[in-house]
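Please look over the sequence and the structure first, and then follow the sections below.

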Amino acid sequence: MSARNAASSAPGGRRAFGQLLAHYRRAAGETQESLAPQILCERSVLSRIETGDRVPSEPLVKRCDAKLRTGGALYKLWRETDWYPDLAYPDWFQRRINLEGKATCLLAYQTNVVPGLLQSEEYVQALFAPDTDPARKEQRIRTRLGRQKRFLCSDGPLLMVVMDESALRNVVGSPGVMAAQCRHLLNVGKLPNIRVQIAPASDSQLLRPRTSMTILKLADGEEWVYYESLDRGHFSDDPAFVARHTRTYDVLRADCLSTSDSAAFIRDALEEYGRGRGSSYKRRALGEEQPQPPRRHQLRGNRPRYPRLRPRAGQ
């Protein structure tokens, strides 16, 4: 079977991948129940991958190749499959998509929500759950997930993300969804091309941009700044504008938490959400007021403890 021919569309590509995975699994004498723990995967997730209802991650595909001794056939098909074809974007956002497709480096600062390129599938589904039009909601979900594939590969473009603490504290869906999102951030943060840093709310000395923004660097030397207002996106390649915002971003990256401390911060949030905490925080909605950050605590020993997801008394 030709991997490229099998991957001509996302539904067909998903089915083809799932069928090939199931073929190699049966040839190895494995059931879904026996294979799942060996590839660090739940049986239900493996089942959905084999039926074409879930897109597998790159690390999972590589573990399948290694365990089933496929000679890399599954990873080859995974790379060549267009998992989310025929996606429609607003005209102004399509321009950003085009720039993303050519970018060799993307620098992002994000407030209030996790950046789209790093959102987990559960987070995306919860974010768009209020949409009452099923077809439109499905398209929006596929659109969001479709942008990620190029970056969530070990050889993808450099993706540097600074997240304001509010992106972790605004609860999307439920504490369970947020826990899954935190695990996703920790996993993708291990990729060699992705770095995630947190700008804590308690640090009033940080010089933050006035709004979420993205700096895109292209292979031909072009550089663009992208940011959004209420209902549209804005682009600028003016050298002075780009230089000013790049400087702001570089200073913020230097002054906010390091990648290792940011990972500890995210693990702290994961622990709280994993216990079901965070339900007292307001659910994410456009225009909704952010919760106030709780006080600092101290970790065991001498290491400073970053703010945890516990509201102040009375909140």
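## Terms and overall make-up

Helices (H or I, at least four residues) and strands (E, at least two) are DSSP runs, numbered from the N terminus. The model is predicted, and local features need pLDDT of at least 70, side-chain atom pairs count only at pLDDT 80 or more, and totals for chains, interfaces and linings use all residues. Residues are numbered from 1 along each chain as its sequence is written, while side-chain values use heavy atoms, with hydrogens and water left out.

The chain has 13 helices and eight strands. Of its 315 residues, 50% are buried, where buried means under 20% relative accessible area, exposed over 50%, and partly exposed in between (1.4 Å probe, protein chains only). Among the contacts between residues at least 6 apart in sequence, 72% join residues at least 24 apart, a contact being heavy atoms within 4.5 Å.

## Two loop residues with positive phi

Asn-112 is placed in the loop between strand E1 (103-110) and H8, and although Asn-112 is not a glycine, its phi is positive, at about 70 degrees. Leu-40, in the loop between helix H3 (32-35) and H4, also has a positive phi in a residue other than glycine, with a value near 60 degrees. Leu-40 counts as exposed because its relative accessibility is 66%.

Arg-63, in helix H5, touches Ile-39 and Leu-40 when residues up to four places away in sequence are not counted. Between Arg-63 and Leu-40 there are 8.4 Å from C-alpha to C-alpha, and the two are 23 residues apart in sequence. With a relative accessibility of 29%, Arg-63 counts as partly exposed.

## Buried residues and their polar contacts

Arg-25 has its place in helix H2 (residues 10-27), and it counts as buried because its relative accessibility is 8%. Its side chain makes a polar contact of 2.7 Å with the side chain of Glu-50; a polar contact is a pair of N or O atoms within 3.5 Å, and within protein one must be able to donate a hydrogen and the other to accept it, with residues adjacent in sequence counting only if both atoms are side-chain atoms. Leaving aside residues up to four places away in sequence, Arg-25 touches Glu-30, Thr-31, Gln-32, Leu-35, Glu-50 and Leu-68.

Thr-143, a residue of helix H9 (residues 134-146), is buried as well, since its relative accessible area is 12%. The side chain of Thr-143 reaches the backbone oxygen of Gln-139 at 2.7 Å. The structure holds zero disulfides, a disulfide being a pair of cysteine sulfur atoms within 2.5 Å.

## Around strands E4 and E5

Glu-222 lies in the loop between strand E4 (213-218) and strand E5 (223-228), and with a relative accessible area of 32% it is partly exposed. A polar contact of 2.9 Å joins the side chains of Glu-222 and Trp-224. Glu-222 also touches Leu-216 and Lys-217, not counting residues up to four places away in sequence, and its C-alpha is 7.5 Å from that of Asp-237, which is 15 residues apart from it in sequence.

Gly-101 belongs to helix H7 (residues 91-102) and is partly exposed, with a relative accessible area of 43%.

Helices H4 (43-50), H5 (58-68), H8 (121-127) and H11 (175-188) each supply at least two lining residues, and H11 gives the most, with five.
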